[in-house]
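Please look over the sequence and the structure shown here.

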Amino acid sequence: MTDKNDYKIAGILGWPVSHSLSPLIHNFWIKQYNRRGSYIPLAISPNDLKSAIDACCSLGMAGLNLTLPHKEACLSVLDKVDETALEIEAVNTIVFQPNGKTFGYNTDSFGFRAAIESKTPKGWNISGKTVVVIGSGGASKAVLHALRNWGADEIRITNRTDSRAENLALQFGPSCNFWPWSDRNKALTDVSLLVNTTSCGMQGQPPLDLDLDHLPKSAVVNDIVYAPLMTTLLKRAKARGNPIISGLEMLFQQARPGFKAWFNIEPQITNDLRKTINAALVMS
Ligand code: ATR
């Protein structure tokens, strides 16, 4: 006999996890779309990652998101991992299959591209454009994956530790070029999109040390930091007339594929959702 339970539970594993905005986003959508279910934060230490994932699966949960420090470690404990996650070497979304198998995905690449597409004028395209990406951590890999697959003409990658940027330039291929950190200001010449993937500008971190003088005024500036919403980089870019895109856009967009897989509806990013998350950010 099977017990058909249509109450769906998803959640996020992190260590720590209390800062995560994902529960607010998913529970907002659950309510908005009248789903029977819930999305919960679960503080899980690195040692307990595998047993926690297996337990969530056994309990009949729909799936999970992963945040620091689990995104990379998770790769080796799942039954199957999609190509994007393999290339980025990080999983941020798990979908539990009806047969008890655990499938991992990375939706950050999708989320980045969707964020840029949704916030630039209709028809804005990456092809023929030069992009500069600052930083070479996990977030940078998702951004480079998106830009390469989208068809950016030239991607300039620069990072405080040059060797990490050199390695990513090799990994992401001929359109991705390494620029030494000492040349980062010059790297902004003629670019159409600037993306900060470093932790600089985040609450408690120093601002990004970057001179915008060489950046064309038409270039779109995207910071993937979202706390605070208006980083020093975004404020400076806005003040000189550049279009800006905050880190919240990617956060919202990367959440959509997981919600669709678990709750069977394509969620939208509404002004009410923005208001809810902005209010939470102001309170934090
Ligand atoms: P994530 O996986 O979230 O991207 P990460 O792997 O810790 O995080 O990477 C953080 C990024 O921010 C790195 O590119 C890091 O540069 P290094 O590779 O030199 O460490 C960058 N970063 C952190 N603090 C920085 C600072 N003060 N100035 C410039 N870059 C910084």
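The sections below cover the model, the ligand and its surroundings, and the cores.

## Basis

This is a predicted model, in which local features need pLDDT of at least 70, side-chain atom pairs count only at pLDDT 80 or more, and totals for chains, interfaces and linings use all residues. Residues are numbered from 1 along each chain as its sequence is written, and side-chain values use heavy atoms, with hydrogens and water left out.

## Ligand site

The ligand is surrounded by 14 residues, each with a heavy atom within 4 Å of it. The closest are Gly-138, Asn-159, Arg-160, Thr-161 and Arg-164.

Polar contacts are pairs of N or O atoms within 3.5 Å. A polar backbone atom of Ala-139 is 3.2 Å from a ligand oxygen atom. The protein buries 70% of the 650 Å² that the ligand exposes when taken alone (Shrake-Rupley method, 1.4 Å probe).

## Nonpolar cores

A nonpolar core is a set of buried Ala, Val, Leu, Ile, Met, Phe, Trp, Tyr and Cys residues joined through side-chain atoms within 4.5 Å; buried means under 20% relative accessible area (1.4 Å probe, protein chains only). The largest has 26 residues, and Phe-112, Leu-147 and Leu-193 have the most contacts inside it. Helix H6 (138-150) is among the elements that give two or more residues to this core, and H6 gives the most, with five.

Another core, of 24 residues, lies apart from this one and includes Val-17, Ile-30, Leu-273 and Leu-281.

Methods
Polar contact = N/O pair within 3.5 Å; in protein donor to acceptor, adjacent residues only side chain to side chain. Buried < 20%, exposed > 50% of the residue type's maximum accessible area, 1.4 Å probe, protein only. Helix = DSSP H or I, 4+ residues; strand = E, 2+ residues; numbered from the N terminus.
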